[in-house]
Amino acid sequence: TASGKSALAVAIARTQGGIIINADALQVFDGWRLLTARPSDADLAQAPHALYGHVPLKGDYSVGHWLRDVAPLLDGARPIIVGGTGLYFTALTEGLAEIPPTPSAVRHRADALPLPALLAQIDAATRARIDTANRMRVQRAWEVLETTGRSLTDWQDATPPPLLPLQSTLPLLIEAPRDWLTPRIERRFDQMLDAGVLDEAAAIRPQWDPADRSARAIGAAELIAHLNGDIPLTQARDAAIIATRQYAKR
């Protein structure tokens with residue numbers, strides 16, 4: 001995050017052609033344009049872009065949705081797929097199991113359970129395969145088992161072929177040493193503030209719900225808390241920057 005991926009994508013598209021396709025799970029949502037660092041109007045004018053801000057703010061969106069959206073884009077102009085959601089790239093290049101969606105009642109039960117309780121009910125094979133410190137991954141595994149009666153590992157082992165095998169691509173990874181990245185993260189959030197991200201948060205505030213997937217945008221909860229009068233802006237800024245640094249570290 002904040003490493004310059006989007007700028008690199010634009011440079012490639014301008015010099016070599018192609019369409020820039022979003023692979024960031026939060027940039028798909030409408031509303032948080034500044035906070036999620038979606039491409040600016042100037043960027044959009046320089047090259048074709050797809051799958052940015054096309055999902056309603058209150059909508060639900062998963063890696064399965066993204067694969068269905070990206071599939072028809074792979075047969076046209078050369079796709080330049082850019083983003084920070086590793087699961088999207090894994091599903092694209094390794095395949096994705098066709099797991100039925102989680103019913104809302106099951107999701108609500110999972111949300112109410114602490115991480116240790118979720119982890120205790122997952123089979124050993126799945127525990128060995130996922131990051132057990134990552135609540136989202138653990139909860140996903142619990143929901144799959146609870147919904148289908150089959151373990152996540154079982155579903156994954158039955159995965160169909162990928163849409164775009166890794167050997168058919170040119171994969172690029174931007175290394176971002178902490179000493180180089182940290183000032184960029186701080187500068188980018190200050191630029192967001194200067195660009196009016198508080199106004200963006202104020203527009204979303206009437207419909208704000210921390211349970212929405214779009215609410216996972218880093219800094220969203222802090223900005224809303226500031227607008228609600230719970231914390232000063234300096235504290236919201238510092239908390240958002242720290243959260244971004246922690247995300248980058250993971």
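Helix α1 (residues 5-16) lies across β1, β2 and β3, and runs at about 170° to β3. Keep in mind as you look around that this is a predicted model.

**The sheet under the helix**

Those strands make up an open sheet of three, ordered β2-β1-β3, and the pairing is parallel. With β2 and β3 at the edges, each has a single partner strand, so one side of each is left without a neighbour in the sheet.

Take the two pairings in turn. β1 (residues 19-22) and β3 (residues 79-82) run parallel and share four bridges. If you want a spot to look at on this side, Asn22 sits opposite Val82 in β3. On the other pairing, β1 and β2 (residues 49-50) are joined by two bridges, again in the parallel sense. Here Ile20 is the one to find: it stands opposite His49 in β2. To get from β1 to β2, the chain passes through helix α2 (residues 41-46), and this β-α-β crossover is right-handed.

Now for the side chains of β1. Ile19 and Ile21 point one way from the strand, while Ile20 and Asn22 point the other way. All four of these residues are buried, Asn22 included.

Leaving aside residues up to four places away in sequence, Glu143 touches Thr102, Val106, Arg107 and Ala110.

**Salt bridges between helices**

The model has nine salt bridges in total.

| Pair | N to O distance |
|---|---|
| Glu146 and Arg109 | 2.7 Å |
| Asp157 and Arg129 | 3.1 Å |
| Arg237 and Asp190 | 2.6 Å |

Start with Glu146 and Arg109, which form a salt bridge. Glu146 belongs to α8 and Arg109 to helix α5 (residues 104-112), so the pair ties together parts that are 37 residues apart in sequence. How open are the two ends? Glu146 is partly exposed, at a relative accessible area of 36%, and Arg109 is also partly exposed, at 44%.

Next come Asp157 and Arg129, whose side chains meet in a salt bridge. This pair connects distant parts of the chain, with Asp157 in helix α9 (residues 152-157) and Arg129 in helix α7 (residues 124-129), 28 residues apart. Asp157 has 56% relative accessibility and counts as exposed. Arg129 is partly exposed, with a relative accessible area of 45%.

Then there's the salt bridge between Arg237 and Asp190. Arg237 is in helix α13 (residues 233-249) and Asp190 is in helix α10 (residues 178-195), so this one ties together parts that are 47 residues apart in sequence. Both ends are partly exposed: Arg237 has a relative accessible area of 24%, and Asp190 comes in at 27%.

Which residues are linked in a network with Arg237? Asp190 and Asp238 are, and the three are joined by salt bridges.

Notes: Residues numbered from 1 in each chain as written. Predicted model: local features only at pLDDT ≥ 70, side-chain atom pairs only at ≥ 80, totals over all residues. Heavy atoms only, no water. Buried < 20%, exposed > 50% of the residue type's maximum accessible area, 1.4 Å probe, protein only. Pairing = 2+ DSSP bridges. Right-handed = clockwise from strand over helix to strand, strands pointing away. Contact = heavy atoms within 4.5 Å. Axes fitted to C-alpha atoms, helices over the stretch in contact; angles between N-to-C directions. Salt bridge = Lys/Arg side-chain N within 4 Å of Asp/Glu carboxyl O.
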